[in-house]
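Subject: Structure handover

Hello,

Here is the structure I promised to pass on. Please open it beside this email and follow along.

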Amino acid sequence: MGHAMNPSPRHVSVLSVEVLEFLAPQPGQVFVDATVGGGGHSRSLAERLIPGGRLIGLDRDEAMLELARPRLVDLPVTLVHAPFSRLRQVLDEQGIEAVDGVLADLGFCSDQMDDAARGLSFQQSGPLDMRLDPSVGEPASALLRRLNERDLADLIYRYGEERFSRRIARRIVETRRLAPIETTEALADLVRRCIPRSGARRHAIDPATRVFQALRIAVNDELGELETLLNILPNCLKPGGRAAIISFHSLEDRPVKIAFRDRSRWEAITRKPVQAGAEEVSDNPRARSAKLRAAVLL
Ligand SMILES: C[S@@+](CC[C@H](N)C(=O)[O-])C[C@H]1O[C@@H](n2cnc3c(N)ncnc32)[C@H](O)[C@@H]1O
């Protein structure tokens, strides 16, 4: 993809002040940024770990790591291409037993969304791929070819919370009999034709939004990744170590909330999810749906 991407990250980090406040990085500590992305959070965390500390940064998208790298060269940062479900193995490979803090800022970056070749956006025409790591798993177009009508409907309902899921699944199956659905445009048009755009829905979000979210979650096993991270975090942090997770929709926020509620392991340091203030949202609309939860490992 490299060619289509900007030379420096376009992504604007969300809740930057709050991340530092709740993770409280100190000189000499070791931190993990589980989702380096454009490197904004990695940079501000790593700056506070010197002298003596270091940051291990993971991303499942190698292209994002390459984009972030120049921004981090002067800091004690080690970048590793891996999904965060492998965090324990990554720390073992680095000879690290436990760390002082972990940040995970879930989902995708603006740079990935803007890259038409990724097929993440229905506003741009591109192949229906959606993999954040194109070397792993199958593209969304393969999923649309392979799943039966019922499984498609379930996927769209569960991960997209789309109430017209059955109608959309039926239309997918009818359409693919004639020709495979291989582009973002073809899928977005198909979905828009299934959903009445009248009355209250006229001003609602684009009808394709939920179906694209559902496919992205499925293709990247996003909820499985998050579940694994939440399970392994206690084995990666020192007692007293801090974790902060930023999520962008309720399917992600719910498991984080439930995990941090376990008082035998965690002391939550955010009572309610922390959200961006009006000023941040007006500068960066993406911040509107961000929710940060943080906890200390007992
Ligand atoms: C919202 S962006 C992070 C932005 C970053 N905090 C910054 O300040 O620029 C999310 C990043 O996480 C990566 N990502 C998503 N799921 C992942 C996973 N399971 N493991 C590792 N990286 C993941 C994406 O490739 C993307 O680069």
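Domain bounds here come from an automatic or database domain assignment. With that in hand, the assignment gives domain 1 as 2-111 + 223-297, and domain 2 as 134-219. The C-alpha centres of domain 1 and domain 2 lie 30 Å apart. Please keep in mind that this is a predicted model.

**Overall shape**

The protein chain has 13 helices and 7 strands. Its C-alpha trace spans about 60 × 40 × 40 Å along the principal axes. How does the radius of gyration compare with that of a compact globule? For 298 residues, a compact globule would have a value near 19 Å; the chain has 20 Å, so the two agree. Of the 298 residues, 45% are buried. Now take contacts between residues at least 6 apart in sequence: 69% of them join residues at least 24 apart.

**The sheet**

Next, the strands. In what order do the 7 strands lie in the sheet? The order is β3-β2-β1-β4-β5-β7-β6. The sheet is open, and its pairing is mixed. At the edges are β3 (77-81) and β6 (266-268), each pairing on one side only. On average, neighbouring strands of this sheet are turned by 20° against each other, direction ignored.

Start with β1, residues 30-33. Side chains in a regular strand alternate between the two faces of the sheet. In β1, Val-30 and Val-32 point one way. Phe-31 and Asp-33 point the other way. All four of these residues are buried.

Which strands pair with β1? One is β2, which pairs with β1 in the parallel sense over 4 bridges. Across this pairing, Phe-31 stands opposite Leu-55 in β2, and Val-32 stands opposite Ile-56 in β2. Another is β4 (residues 99-105), also parallel to β1, with 3 bridges. There Asp-33 stands opposite Leu-103 in β4.

Strand β2 covers residues 54-59. It is mostly covered, with 5 of its 6 residues buried. β2 pairs with β3 in the parallel sense over 5 bridges. Asp-59 stands opposite His-81 in β3.

**Helices on the sheet**

Helix α3 (residues 62-72) lies across β2 and β3. Its direction runs at about 170° to β3. Helix α12 (residues 250-260) also packs on the sheet. It touches β5 (237-247), β6 and β7 (291-297). The direction of α12 makes about 25° with that of β7.

Now trace the path from strand to helix to strand. β1, helix α2 (residues 40-47) and β2 make a right-handed β-α-β unit. β2, α3 and β3 make a right-handed β-α-β unit too.

Is Leu-237 buried or exposed? It counts as buried, because it has 22 C-beta neighbours inside 10 Å, and the cut-off for buried is 20 or more. Leu-237 touches Ala-98, Val-99, Val-102, Ala-243 and Leu-297, leaving out residues up to four places away in sequence.

Then go to Ser-16, in helix α1 (residues 16-23). Ser-16 has 17 other C-beta atoms within 10 Å, so it is partly exposed. That class sits between the cut-offs of 12 or fewer for exposed and 20 or more for buried. What does Ser-16 contact beyond its neighbours within four places in sequence? The partners are Gly-40, His-41 and Ser-44. Ser-16 and Leu-106 are 90 residues apart in sequence, and their C-alpha atoms are 14 Å apart in space.

Best wishes

Definitions and conventions. Residues are numbered from 1 along each chain as its sequence is written. This is a predicted model: local features need pLDDT of at least 70, side-chain atom pairs count only at pLDDT 80 or more; totals for chains, interfaces and linings use all residues. Helices (H or I, at least four residues) and strands (E, at least two) are DSSP runs, numbered from the N terminus. The radius of gyration is taken over C-alpha atoms; the globule rule is 2.2 Å times the number of residues to the power 0.38. Two residues are in contact if their C-beta atoms, placed from the backbone, lie within 7 Å. Two strands pair if DSSP finds at least two bridges between them. Axes are lines fitted to C-alpha atoms, for helices over the stretch in contact, and angles run from 0 to 180 degrees between N-to-C directions. A crossover is right-handed if, with the strands pointing away from the viewer, the path from the first strand over the helix to the second runs clockwise.
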